Amino acid sequence: MIIERYVTREIVRPFLVIAGISGVIFTSYTAAVFLNEVAAGLIPAETLARLVLIKLLTALEVLLPVSLYFAVVFGFGRLYADGEIVALSASGISETRLAAIVLRFALLIAVLVACVSLIARPWAYQQQYQLRAAVEAKFDIKDLEARRVFVGSGSAYAIFAGTVDEQARSAGDVIVRVRESDRLRIVVAERLFQPPREESDPLLFRFEDGYVYQLDLQGNRDLVGKFRQLRLTLAPPRPEAIGYKSKAEGIRDLSGSLRPKDLAEFQWRLSAPVATVLIALLAVPLSRGGPRRGRFAKGLAAVVAFAVFFNLMTFAKNLVQEGFVGAVPGLWWPLVLLGLLLTVLFWRPSRSVHA
């Protein structure tokens, strides 16, 4: 039908614009944050683009619903401002019928959000955790700062150096603590050298003139030794061993878990497409207004309404995550409240449509 195509076009065009602008803004902000970490030497420059794209992928479950919500607000705002809603109403096209047009497009976006939330989200977080773990597992003498403590991946080792010479790949007045399964090794030396190595090679430290203390964590077999030279080799890094992370787990694994964090993550993923549809429908009555009031007249009210709903969802998730609330009502009560609000808003006739 011509009216359906016309109304849909009034939503799709601002949706694409808003989604594109919000995506660019989010990407720029994320890139700026990661650039600070690159400048500080916390992450290598070659992983920057990959980390930014991963963050953007996880953000789509919020950016897409937000873009749809404001697209409906602005699209219908223009129709109200130009008096077209009044003309449609006079032709027998009710607000409920217009909401049905919005619903069809919202269901399409909800499917995309469901794919992001249920499939792409755990994959993206797993990639992000593995990249972070791989970065943390790497160590180079250039990572040291004079008179600062460097803590290695998983706190397996820590290094303090009084001085650092990057060109000579050495450090002076060092204290190194290495934690193993049943013992703690502490090395105090005048000099530390790290020979160049490949990424897959184990970490190799060469010490000169110092003492080594080996503490038995399960008994009293402590040892103390003095050395002129000492070579200490650590096991190769294992960046894939990131441990259990709720955000990186599949939906099937989360569904059978009783842990509060898993339950919160599980319900958050399921609620994302539902929330997409509901807030898109909320935008329809929020757009009501008289002619010549401007398409952005309801912008502030729309922002406040969305902020309240999003904060309620975040609050509900925190309650479940901390174990204060169980599976019922879980994260569903903000959605139920929004559904009741929509019922009231659509039940009440809009005076502005007939104005």
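**Close-up views of a predicted model**

**View 1. The crossing of helices α2 and α7 is right-handed, a term used when the near helix is turned clockwise from the far one by less than a right angle.** The structure is a predicted model, in which local features need pLDDT of at least 70, side-chain atom pairs count only at pLDDT 80 or more, and totals for chains, interfaces and linings use all residues. Residues are numbered from 1 along each chain as its sequence is written, and side-chain values use heavy atoms, with hydrogens and water left out. Helix α2 (residues 48-81) packs against helix α7 (residues 299-321) at an angle of about 150°, and their axes, which are lines fitted to C-alpha atoms over the stretch in contact, are 11 Å apart. That makes α2 roughly antiparallel to α7, the word for angles over 145 degrees on a scale from 0 to 180 between N-to-C directions.

**View 2. Residues of α2 meet residues of α7.** On the α2 side V66, Y69, F70 and V73 are in contact (heavy atoms within 4.5 Å) with A302, V303, A305 and F306 of α7. By class, this contact of α2 with α7 has eight nonpolar, no polar and no charged residues, where Ala, Val, Phe and Tyr are among the residues that count as nonpolar.

**View 3. Helix α1 covers residues 2-39.** At 1.5 Å a residue its 38 residues should span 56 Å, and the end C-alpha atoms of α1 are 55 Å apart, which agrees.

**View 4. A168 lies in the loop between β2 (157-165) and β3 (170-179).**

Terms used: Helix = DSSP H or I, 4+ residues; strand = E, 2+ residues; numbered from the N terminus. Parallel < 35°, antiparallel > 145°, perpendicular 65-115°, else oblique. Expected span 1.5 Å × (residues − 1).
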